[in-house]
Amino acid sequence: MREKLKRIRKEAMSNIEGLDNLDSLEDLRIKYMGKKGELTLALREMGKIPKEERPIIGALANEIRQQIEGELSRAKARLMDEMKRKRMEREKIDISISKNTRKLGHQHPLLHTIKELEDLFISMGFTVVDGPEVETVQYNFDALNSPENHPSRDFSDTFYITEDILLRTHTSPVQIRAMKQIKPPLRIISAGRTFRFDDVDDTHSPMFHQLEGLVIDKKVTMANLMHTIDVFIKELFGEDMKTRFRPHHFPFTEPSAEVDVSCFECKGEGCTHCNGTGWSMELLGCGMVHPKVLENCGIDSEEYSGFAFGMGIDRITMVRHGIDDIRLLFENDNRFLEQF
Amino acid sequence: MLLPLEWLKKYVEIDEDSRTLADKLTLTGSHVEAIISLDKGIENVVVGQVKNIRKHEKADRLLIVDVDIGEDIIQVITGATNFAEGDYVPVALVGAKLPGDIYIEKTNFRGIDSYGMLCSLEELGYEDNVISKEHREGIFVLDKKYPPGSDINDILGLYDEVIELEITPNRPDCLSVVGMAREAAAALDKKLRLPEIKVDNEVDDINNFVESIEIDYDLCNRYYTKVIKDVTIRESPLWLQIRLMEAGVRPINNIVDITNYVMLEFGQPLHAFDLDKLKQKRIVVRRARDGEKIVTLDGVKRDLNSSNLVITDGKEPVAIAGVMGGLDSEITDDTTTVLLESANFNGRSVRLTSKEHNLRSEASSRLEKDLDLNLCEIAAERVCQLVEQIGAGIVVKGTIDVYKSIPRERKIYLRPEKANDLLGTDLTIDDMMDYLQRLELTPTLKDGRLEVIIPTYRSDLNIEEDLIEEIGRIHGFHNIPIKPLVGTLTRGEKPYDKIVEDRADEILRGLGLNQVMTYSFISPRAYDRIRIKPDSKLRDYIELINPLGEDYSVMRTTLIPNMMDLLARNYNYGVKECYAYEIGNIFIPKELPIRQLPIERRTLSIGMYGDVDFYDIKEVVQILFDRLGIVGLEYIREQDDRTFHPNRTASLILKGEEIGIVGEVHGDVMDNYDIGSRVYIAQLNFDKMVEESNLDRRYKPLPKYPGIARDIAVVVDEDVLVGELEKIIWKNSQGLIEKVELFDIYVGDQVEEGKKSVAFSIFYRSSDRTLKDEEVNVIQQAIVEDLEKQLGAVLRA
């Protein structure tokens, strides 16, 4: 009996070692451990051996059973592992192929610029407000101290709906709306569509975009205005960007200035893009709010002062991305939009 | 404006190079847009004196000319004939370089050698628009003696520079060399030396020449008249012509050139009439009569109307005031007596008239602004001085000067502390006084304030802040130390509707749609193209009075035409698939014609073509609503919207109110836009979506208990919408249904004709217990019964 068991063990161990697939493993399990398995049958014969040997043989049989089971489970693990490896070996793919089924939409470059500017000014304490595209002559011109005889009021410059209602020519009427609604102190910005009677060409569009900013508080100075613009330009175009405040004229600010920045092409060296001046011109107009404008909105110009600034976003967008034709911004050609 | 620097330097001492000067002018407010070098790259062209002219024996049209070029006399062949022996002319020597990369070599014309070329102005590189009639053809004969051999560049001032300035409309005084000399003197802190105006010899009496001057006081502010007699019309001296050409003005003849010269110098336009050509010896400035006509200097016959101001001789118009003179009274070679007009007209009238007749000139662009009335006299006297100086005629004694009132110097008070407060500077009163004095303003300190006398030509200075700007700009904005804002406000905000819009942008882009942007105005014909009924409210659009063209003439009441346009454009460009969205305003009038501002409603449009169908765009809409936290969106079959496919379109209903539409575009509309692919469009009231949105998210505990999945398949009429079935399923859920999923629709042999089988998978779960089969069975049973009752559904075995 003892020899028989040992023989079964020897044979089983050798068989298990030679296993090369899971099916044979199951066969082997049945062969030894199944209901009619060799080991099972051998154990059934326990009754035939002398009583005193039974515990010893029994112990041996159990030991052998555990050994076979242990070996079987190790063999199973080994085989599974091998199978997995072989499967992955077979599953080699061409990783150079693209499927092109996922799509992420593209943000319009101009609206992207607006959003960035809004976020930037929000971080500087400005609140975003909105104004209508269709405006009154009163808010678009009169309240902004625009002279009655100013050419910008002509039919050849401004789109009119009635004598008193027009398409706003700038975002500045938002200043008036804000000052009439909000008591100072206030810090607002407003971006949006503006309209001027310009035929379409590569640098003109009858519809374009501006961003307007306004600060009203006690003791606001030109120095504050310049600091605000300086911070904004550096954020937008980089720390090495220089700004130049050039005295200018706007009816609604006094003093007024235009802001030039280092030429985007030559960074200030002077090139054909900047007529050799080293400056990119007229990026932004700004100034201290004209006392008449403050008074028009019911704000005491002796108590409060403020500054305003406005800029063309289309141009900023074009400069940032090297876009040479403003029409591209409004044609919505996928081949253009999907570059951003 | 073009400002020749040599001219400027006559009135103010400038040692700086042009770049430094340009920077200083720019930083004090006179924006230099360009520095233009007059150097045309001419080399080896010298003055030569013609010594001998003889015919070329073998060529009729050629002349052989001996020219003295100083150190030598050379022989040159030319085809021109407009010169005589003794004349001084430009000679391009062998080895000379002319504009346009032309190099002069020794040549041989039919056996005779030519050692150079006599030059015309054109050959010297002058633009057509500044070459006078006399010099358009032939050799450029110089006006007087010059040492033979002199560099022509020196004679013509071609080593000089001109700066191009942008002058803001509030500073018409700067549209002149004198005005800019004042600015330059202030910017550089240099002394100004303006020409002293005086006429030495005046004879006779103006009243012997002119009977009367009458003006329309509404549109004419001043009319100042001088007469010049014994005029000899000829070419101006070269120095005068050069100044004009440098400033971009074509020389005409001595009298006209002087008026133009003085206009450029002082900024006051002038006009010279041939007095003998006036039918009556009087001037009447009045509005034109409707139907009156005038032939202007450019030879164009123009119809006048009562909004045009004209100068008449008491009978008919002889000039359009401030815009252009008449041909009949122009200065010609035969003119002997000149009536000189130095006038100031209503700026608005000049502007509108010049625009109406498309005649913007150096004169009109100045007179349309607020010019100083005192200039009329200064400019007229300066013309007389120059006439005398170059011997063009004799000035007649006396003036006729008509005006209502002439402005005088005024005073503005300035508080120095206010200036520092506004600028953010620490300037002393002395600094401020210095800056003001440099600008020829006269400040006096009185009780801590500055009383500042303002010359009449500074019409732009009216209030304290104006003076603060003057101080600021002469000090230099760039010299103000920048300081961060201080104050009470520190936190910026974005309004809720903008936040929702940003969120919508992210969601839609995440779904693969590109953000687009289109014009707010469209063509009224677009409404036909998208098949809007003639009586539709959508056609209550606002029209522009003065659109750029029909295509941009009405304010849109729908975004669909813009969307169709851009989809069509992409389709034409061969873009295979295009998914786009726009959030923009539509304009809804409160009444027509409008008397108040319209409603501007934020609207969302979505457009798709490519590998998509109705369900794709509907899904985009649904995900957008879900993610914006808008619940309860319903879809109702829409068969009446003519833009859309009658059987593939749904109205979107929220809380019983229509909020938009989604569907396949009608075949006719696709044809109208030439799109050969099915197009899907949705349009939504975004304002309403913002109102109904909810971006707050509260955590709901994750399910703790297992759920039960059940399928249910029913047979219903083909017309029954799946949505209706789903609604009934949900109605019976007793709060225990987590999800209903459609997994099969079957039409065919297995079901009766006209019927379909619809199968759902329903997942039940309770949040507080493990569900029992029996509970679910009861609900399933209730659903089946309700489906049968409501929609005639039969449970499919």
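Modeller: Let's begin with a word we need: a contact here means heavy atoms within 4.5 Å. Please also keep in mind that this is a predicted model.

Our close look is at helix α1 (residues 2-17) of chain A and helix α2 (residues 22-33) of chain A, whose axes come within 11 Å and cross at roughly 175 degrees. Angles over 145 degrees count as roughly antiparallel, and α1(A) and α2(A) are therefore roughly antiparallel to each other. Which residues meet there? From α1(A) come A:Ile8, A:Glu11, A:Ala12, A:Asn15 and A:Ile16, and from α2(A) come A:Leu28, A:Lys31 and A:Tyr32.

For a contrast, turn to chain B. There, helix α11 (residues 429-438) and helix α12 (residues 464-475) pack at an angle of about 90 degrees, with their axes 9 Å apart. Angles from 65 to 115 degrees count as roughly perpendicular, and that is therefore the description of α11(B) and α12(B). On the α11(B) side, the contact is made by B:Met432, B:Tyr435, B:Leu436 and B:Arg438; on the α12(B) side, by B:Leu467, B:Glu470, B:Ile471, B:Ile474 and B:His475. This group divides into six nonpolar, one polar and two charged residues.

How far can you trust the picture? The mean pLDDT of chain A is 91, and 100% of its residues reach 70 or more. Among the elements of chain A, helix α3 (residues 38-44) has the lowest mean, 82, while strand β2 (residues 134-136) has the highest, 98. Chain B averages 95, with 99% of its residues scoring at least 70. For the complex, the predictor gives an ipTM of 0.87 and a pTM of 0.86.

Now back to chain A for some local details. Most residues other than glycine have a negative phi, and most peptide bonds are trans. With that in mind, look at A:Asn100, which has a positive phi near 55 degrees and sits in the loop between α4 (54-90) and α5 (109-123) of chain A. The bond from A:Pro184 to A:Pro185 is cis, with omega near 5 degrees, and A:Pro185 lies in the loop between α7 (173-181) and β4 of chain A. Another cis bond joins A:Glu254 and A:Pro255, with omega about -5 degrees; A:Pro255 belongs to strand β7 (residues 253-262) of chain A.

Aromatic rings come next: over all chains, the structure holds 20 aromatic pairs. In one of them, A:Phe159 and A:Phe197 have ring centres 5.4 Å apart and planes at 45 degrees, so the pair is tilted.

Let's finish with a sheet in chain B. Seven strands form an open sheet with mixed pairing, in the order β28-β32-β33-β37-β36-β35-β34. At the edges stand β28 (514-515) and β34 (633-637) of chain B, each with a single partner strand, so one side of each is left without a neighbour in the sheet. Within the sheet, β35 (residues 644-654) and β36 (residues 657-665) of chain B run antiparallel, joined by seven bridges. You can find B:Leu652 opposite B:Gly660 of β36(B).

Definitions and conventions. Residues numbered from 1 in each chain as written. Chains lettered and ligands numbered in written order. Predicted model: local features only at pLDDT ≥ 70, side-chain atom pairs only at ≥ 80, totals over all residues. Heavy atoms only, no water. pLDDT = per-residue confidence, 0-100. Pairing = 2+ DSSP bridges. Helix = DSSP H or I, 4+ residues; strand = E, 2+ residues; numbered from the N terminus. Axes fitted to C-alpha atoms, helices over the stretch in contact; angles between N-to-C directions. Parallel < 35°, antiparallel > 145°, perpendicular 65-115°, else oblique. Nonpolar A, V, L, I, M, F, W, Y, C, P; charged D, E, K, R; others polar. Phe/Tyr/Trp six-rings, centres within 6.5 Å; stacked < 30°, edge-to-face > 60°.
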